[in-house]
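The tour below goes from selection to selection.

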Amino acid sequence: MNRRLVLINVSLALVAAWLGWTIRENWLEAERRQNELLRRRAATKTPAAANTPPAATPASSPTASVSAANFFDVAARTLFAKDRNPDIVIEAPPPPPPPPPPPPTPYLYGVLDIGEGPTAFLAPRGGSQKPIKVGDEIAQYKLLAIKDDSLVLGWDGKTFEKKFDELKDRSSGVAEARAPEPPAAANVPPPPKPREVKSDAAPGEDVGGDMRACNAGDTSPAGTISGGYRKVIRGGPFGNRCYWEPVR
């Protein structure tokens with residue numbers, strides 16, 4: 001067994017020595033050929049040729065075919081990325097979307113001030129009216145202020161001032177009657193003493209501030225007292241306003 005291993009090791013050593021000798025001979029032969037080629041070039045080169053500039057390389061020569069400029073299209077439009085393009089196109093960003101339009105404004109049916117601050121009677125489109133004070137919200141709007149002839153509404157950080165006439169409900173098509181002008185103060189007789197009037201009229205629903213609305217079809221005159229409330233009819237920019245106030 002040991003003899004066989006010795007023979008294998010000797011054989012491998014001889015093969016390695018032969019390979020090393022062969023590689024060395026090939027390397028010496030290549031070096032000899034290179035030196036011979038350099039000597040031939042030095043012998044054929046003359047001093048005049050050394051000072052003469054090199055002639056232009058024709059376009060059809062092998063040297064011209066490997067010029068870097070000839071491969072510009074290959075580098076710019078590689079087959080592995082067809083969308084590659086050296087011309088960079090900067091696209092303008094799309095314009096921002098337009099802001100949304102404001103929602104429809106609520107309808108105004110009157111403004112009332114009984115000493116506790118003005119109250120506007122507003123209703124959303126298609127809804128029922130209710131008293132709204134400054135700071136309350138209705139129909140996506142917030143009531144910011146109540147002026148003598150206009151309302152200031154806020155929506156989405158924006159402010160809208162609307163005249164009373166712009167907020168009138170014209171869907172019914174019924175013209176509103178204006179209250180007659182009050183007579184001069186000198187000709188106004190003293191108000192009659194309130195008296196209980198027997199009538200079928202009665203105060204309507206509570207609208208805030210101890211006030212009650214007038215029922216539809218109530219034809220009782222102003223000053224009618226019923227259930228501890230007195231009927232009041234006052235003129236305004238939208239016609240007569242009717243409500244019941246507590247008798248004090």
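Predicted model: local features only at pLDDT ≥ 70, side-chain atom pairs only at ≥ 80, totals over all residues.

Start with Lys-168. Its relative accessible area is 22%, so Lys-168 counts as partly exposed.

**Whole chain**

Zoom out. The protein has 248 residues, and 20% of them count as buried. The accessible area comes to about 19,500 Å², and 58% of it belongs to carbon and sulfur atoms. Residues 24 or more positions apart account for 35% of them.

**Salt bridges along the chain**

Side chains of opposite charge can pair when their charged atoms come close. How many salt bridges are there in this model? The count comes to ten.

Select helix H1, residues 2-44. Within H1, pick Glu-36 and Arg-39. They sit three residues apart, about one turn of the helix. Their side chains meet in a salt bridge, 2.5 Å from N to O. Is Glu-36 buried, exposed or partly exposed? Glu-36 is partly exposed, because its relative accessible area of 30% falls between the 20% and 50% limits.

Next, select Glu-29, Arg-32 and Arg-33. These three are linked in a network of salt bridges.

**First sheet: E1 to E3**

Strands of a sheet pair through backbone hydrogen bonds, either parallel or antiparallel. Select strands E1, E2 and E3. They make an open sheet in the order E1-E2-E3, with antiparallel pairing. The edges are E1 (107-112) and E3 (130-132), each of which pairs on one side only. Turn the view to compare strand directions. Neighbouring strands here are turned by 35° against each other on average, direction ignored.

Zoom in on E2, residues 119-123. Three bridges join E2 to E3, and the two run antiparallel. Where does Ala-120 find its bridge partner in E3? The partner is Ile-132.

Move on to E4, E5, E6 and E7. This open sheet has four strands in the order E4-E5-E6-E7, again with antiparallel pairing. E4 (137-138) and E7 stand at the edges with a single partner strand each, so one side of each has no neighbour in the sheet. Look at the pair E4 and E5. Two bridges hold the antiparallel pairing between them. Select Glu-137: its bridge partner in E5 is Lys-142.

Stay here and select Asp-149 and Lys-163. Their side chains meet in a salt bridge, 3.2 Å from N to O. The pair links distant parts of the chain, 14 residues apart. Asp-149 lies in the loop between E5 (141-146) and E6 (150-155), while Lys-163 belongs to E7 (158-163). Both ends are partly exposed: Asp-149 has 39% relative accessibility, and Lys-163 has 38%.

**A buried glycine**

Follow the chain past E7 to Gly-204. This residue lies in the loop between E7 and strand E8 (206-208). Gly-204 counts as buried because its relative accessible area is 10%, under the 20% limit. What does Gly-204 touch, leaving out residues up to four places away in sequence? Select Arg-212, Ala-213, Asn-215 and Trp-244 to see its contacts. Then draw a distance between the C-alpha atoms of Gly-204 and Trp-244. They are separated by 8.1 Å, although the residues are 40 apart along the chain.

**Last stop: the disulfide**

Select the cysteines. The whole structure holds one disulfide. The bond joins Cys-214 to Cys-242, with 1.9 Å from S to S. This pair also links distant parts of the chain, 28 residues apart. Cys-214 is in the loop between E9 (211-213) and E10 (225-226), and Cys-242 is in E12 (239-246). Is the disulfide left-handed or right-handed? The torsion about the S-S bond is about -80°, so the disulfide is left-handed. Finish on Cys-242, which is partly exposed at 32% relative accessibility.

Key: Residues numbered from 1 in each chain as written. Heavy atoms only, no water. Buried < 20%, exposed > 50% of the residue type's maximum accessible area, 1.4 Å probe, protein only. Contact = heavy atoms within 4.5 Å. Areas by Shrake-Rupley, 256 points an atom, 1.4 Å probe, with all protein chains shown as cover. Salt bridge = Lys/Arg side-chain N within 4 Å of Asp/Glu carboxyl O. Pairing = 2+ DSSP bridges. Axes fitted to C-alpha atoms, helices over the stretch in contact; angles between N-to-C directions. Disulfide = S-S within 2.5 Å.
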